[in-house]
Amino acid sequence: MHSDLNNFYASVERLLNPELKKAPLAVCGSQEERHGIVLAKSEEAKRKGVRTGDTIWQAKRKCPDLITVPPHFDKYMEYSRRVKGIYARYTDLIENYGIDECWLDVTASLAVFPRYEGRRYTPDGDNFDDDFLRFLGDTIRFAVRDELGLTVSVGVSFNKIFAKLGSDLKKPDGTSVISKRNFANVIYGLPVSDLLMVGRATDEKLRSLGITTIGSLAAADDDKIIRSLGKPGQTLLSYARGQDDAQVAHMDDARTLKSIGNSQTYAYDLQYTGQVERNIYVLAESVAARLRQSGRGYADTVHLWVRDGSLESFQFQKKVRHTALCSEIAAAAFDLFVRNFREPFSIRSLGVTVSGFDGGISQITMDEAYGNYSKRERAERAVDDIRKKHGYASVQRGLLIHDPENMHNDIKNSHLIKPAKFDDPSDDDKK
């Protein structure tokens with residue numbers, strides 16, 4: 001199954017303030033801090049054309065009676081945990097896909113569901129009838145709605161990709177079944193952009209090949225797709241054909257973490273290289289500390305995300321030796337920046353992310369063997385410990401000595417952690 005909480009932020013805000021129940025509602029960032037965009041919206045606002053990412057003034061122009069509220073991330077995290085507590089009654093195979101989405105595998109735990117009279121099923125997944133599968137999704141959906149007052153859309157299928165597609169088919173508050181018997185009829189007419197991993201650039205490349213639907217991708221010539229998209233093209237072909245065999249991870253499995261990153265939008269545009277360098281170091285410190293805390297070992301890829309003053313976004317990436325050091329992560333990210341931007345520039349937002357974790361099993365290098373890397377890592381871990389005990393500002397890099405604002409910019413402990421996605425395989429021209 002794939003579960004997707006409907007209009008999650010806005011729904012939680014209505015639980016916190018029932019007076020907002022029927023009003024068109026948008027959860028928005030702070031205008032004063034230039035985060036003034038729509039983060040989430042209610043169905044009423046959506047019907048008026050309000051979209052996630054709209055500026056507040058754009059949203060209110062579309063919907064003059066729109067009510068805007070600030071986000072309460074601590075409450076969203078609390079409700080997300082409570083929802084997953086309900087899921088855990090039925091299975092411990094729960095894989096997070098952000099704060100409001102999960103995959104569940106209930107194949108081995110059907111006995112914990114209420115009895116479904118008159119239906120027979122076998123545990124091999126081939127003889128479930130569609131009504132029974134819908135009953136499984138409805139059972140979880142009703143539990144979330146009845147106990148927490150939130151609605152969730154559920155897709156039930158024989159693989160993760162089709163289950164996610166199914167959760168998008170009946171929104172809000174519905175269950176869709178994509179079985180081995182009906183998947184071609186249900187999904188082959190859908191736009192290819194609905195498929196996981198098909199971002200804007202990939203969609204454009206596929207359209208240039210005459211491929212506009214999932215069905216046309218499934219029927220496409222393998223060599224043609226792989227020539228155009230490279231190795232990710234083979235993955236997309238498997239997804240479209242229902243051949244995805246990825247397993248749903250255990251709820252406590254740290255291997256589900258594919259990347260670690262933080263980003264920030266600034267109160268004023270950054271216009272000097274030195275400003276950008278300092279802010280990249282602040283972001284890299286958070287990322288490195290979280291990486292060391294995660295138990296995922298070292299990372300071998302650094303990603304940089306940049307949004308300029310005209311709101312155009314850019315992504316770049318660079319391979320590095322396996323590392324968990326802020327200095328190396330920051331140096332790689334800053335190198336990506338100076339290779340692609342020259343003053344004068346106007347930078348509104350920056351983001352630094354690492355991926356390619358080794359799980360702590362990298363081969364020891366000469367640098368590590370002779371102590372230089374190890375000494376530097378021990379120093380950074382010591383800083384982690386000091387800051388945990390005495391506060392973020394208790395130890396600072398000399399780079400920030402003339403930047404009091406950033407000396408107190410504790411990104412690690414002040415930002416909501418979201419999954420970073422670098423899943424568009426055709427963005428290589430930007431990286």
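Select Asn-7 to begin, which is found in the loop between strand S1 (2-5) and H1; helices (H or I, at least four residues) and strands (E, at least two) are DSSP runs, numbered from the N terminus. This is a predicted model, in which local features need pLDDT of at least 70 and side-chain atom pairs count only at pLDDT 80 or more, while totals for chains, interfaces and linings use all residues. Residues are numbered from 1 along each chain as its sequence is written, and side-chain values use heavy atoms, with hydrogens and water left out.

Staying at Asn-7, look at the backbone: phi is positive, about 45 degrees, although Asn-7 is not a glycine. Most residues other than glycine have a negative phi, and most peptide bonds are trans. Asn-7 is also buried, with a relative accessible area of 18%, where buried means under 20% relative accessible area, exposed over 50%, and partly exposed in between (1.4 Å probe, protein chains only).

**The cores**

Next, select Met-1, Phe-8, Tyr-87, Phe-113, Leu-136, Val-144 and Leu-150, which are the residues with the most contacts inside the largest nonpolar core, a set of 37 residues. Such a core is a set of buried Ala, Val, Leu, Ile, Met, Phe, Trp, Tyr and Cys residues joined through side-chain atoms within 4.5 Å. At least two residues of this core come from each of helix H1 (8-16), strand S2 (25-28), helix H4 (73-87), strand S6 (101-104), helix H5 (130-148) and strand S7 (152-157), and H5 gives the most, with 8 residues. In soluble globular proteins, nonpolar side chains tend to be buried together.

Centre the view on Met-1 and, leaving aside its neighbours within four places in sequence, display its contacts (heavy atoms within 4.5 Å), among them Cys-102, Trp-103, Leu-136, Ile-140, Val-154 and Ala-163. A second, separate core of 33 residues can then be located by selecting Ile-280, Ala-284, Phe-337 and Leu-350, which it includes.

**Cysteines**

Colour Cys-102 and Cys-326 next: Cys-102 is buried, with a relative accessible area of 1%, and Cys-326 is likewise buried, with a relative accessible area of 1%. How many disulfides does the structure hold? It holds 0, a disulfide being a pair of cysteine sulfur atoms within 2.5 Å.

**The hairpin**

Move to strand S10 (residues 299-308) and strand S11 (residues 313-323), which run antiparallel and are joined by 8 bridges; two strands pair if DSSP finds at least two bridges between them. Within this pairing, Thr-301 stands opposite Lys-319 in S11. S10 and S11 form a hairpin with 4 residues between them, and Leu-311 in the turn has a positive phi of about 70 degrees.

**Loops with cis peptide bonds**

Go to the loop between helix H6 (160-167) and strand S8 (175-178), the place of Pro-172, where the peptide bond from Lys-171 to Pro-172 is cis, with omega near -5 degrees. Asp-173 is found in the loop between H6 and S8 as well, and has a positive phi of about 60 degrees although it is not a glycine; at 22% relative accessibility, Asp-173 counts as partly exposed.

Then select Pro-344, in the loop between helix H13 (326-340) and strand S12 (347-357), where a cis peptide bond joins Glu-343 and Pro-344, with omega about 0 degrees.

**Last stop**

Finish at Ala-108, in the loop between S6 and H5, which counts as exposed at 85% relative accessibility. The C-alpha atoms of Ala-108 and Leu-93 are separated by 9.6 Å, the two residues being 15 residues apart along the chain.
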